[in-house]
Amino acid sequence: MTTANRKYKDSVFVDLFSEDEKAKENFLSLYNALHGTNLQLSCPVENIRLDNIMYMNIINDVSCLVDNKIIVLAEHQSTINENMPLRFLQYIARLYEKLQAPADRYLRKLSKIPTPEFYVFYNGREDYPEMITLKLSDAFITKPEQMPLDLEVKVYNINKSKGAEVLSRCKTLDEYSLFIEEVRIQTQLDPENGFTNAVKICIEKGILKEYLQRKSREVINMLIAEYDYDTDIAVQREEAGKIAFAKGISQGLSQGLSQGSRQKALETARLMKQANCEIPFIEKMTGLSKAEVEAIK
């Protein structure tokens, strides 16, 4: 389950469940945890990730075709995003284009396609339910009695404090959650060496031990790229809020964006502080005062 000539920055989640030499084993463990099944390594699993989907040549996280019957799309996120059903709709449309022969859509006889499933694994700092289902139809401006189109995304909060049941059924996901928790602790204690310290401590505790021993340097590089990416996205959200505000779509909407912009500015500043950015630079990028930036934990 590897991809050559990658033009994107992977995350540890992606590597564990899609790219690593043991990715198939890890993915099947996750699949079994979600479905209550016991698929073995002999089960056919094909990595069908798409590139250049949304941001900065970042590809979607995990897309696997299981036994030519089911497409599982899974995303890891550290920020809440209730627009995931629309993003997954874009993903699955492109995947079907990739999997189906162009001529098949013109056949008289029904052309069968794999059944899709959509998951998000959230481990951000904001409070969020243990499990929630997002629906594409929730975003529809008008809602007919019978929806002509819908898409459901199951969002699992995999923070250890939430005690999501899926963690008890998937050892790799459980240890990934513990690893990210340790990364947060260590980067707060020592921003310069936090990633390295977290890797060492998790090896000592037996958390993803074999994986981290084998790929410690790569993991540290992925963590740096992942945190940089989170900061980039936060800055993009801030800029998007400013642009929308400037357009003055409506007074009521502008007020909402103003409040939202401040929240996004605080989120951006927090991520940039985690990335060890200088306070004057954070002030410039977010519009916050020095006191506001220094008060962020």
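**Salt bridges and aromatic pairs**

Both D15 and K215 are buried in this predicted model. The two residues are joined by a salt bridge whose closest N and O atoms lie 2.8 Å apart.

R214 is partly exposed, at 28% relative accessible area, whereas D20 is buried, at 3%. These residues take part in a network of salt bridges that links D15, D20, E21, K22, E210, R214 and K215.

The structure holds 14 salt bridges. One of them pairs E175 with K171, the closest N and O atoms being 2.6 Å apart. Both residues sit in helix α5 (residues 171–189), four residues apart, or about one turn of the helix. E175 is buried, with a relative accessible area of 12%, while K171 counts as exposed at 59%.

Turning to the rings, a search of the whole structure finds 10 aromatic pairs. F27 and Y31 form a tilted pair, because their ring centres are 6.4 Å apart and their planes meet at 40 degrees. The two residues lie four apart in helix α2 (residues 23–35), so about one helical turn separates them. Both F27 and Y31 are buried. The pair of Y122 and Y128 is also tilted, with centres 5.3 Å apart and planes at 55 degrees. Elsewhere, ring pairs link F13, F17, Y119, F121, Y156 and Y176 into a cluster.

Notes:
Residues numbered from 1 in each chain as written. Predicted model: local features only at pLDDT ≥ 70, side-chain atom pairs only at ≥ 80, totals over all residues. Heavy atoms only, no water. Phe/Tyr/Trp six-rings, centres within 6.5 Å; stacked < 30°, edge-to-face > 60°. Buried < 20%, exposed > 50% of the residue type's maximum accessible area, 1.4 Å probe, protein only. Salt bridge = Lys/Arg side-chain N within 4 Å of Asp/Glu carboxyl O.
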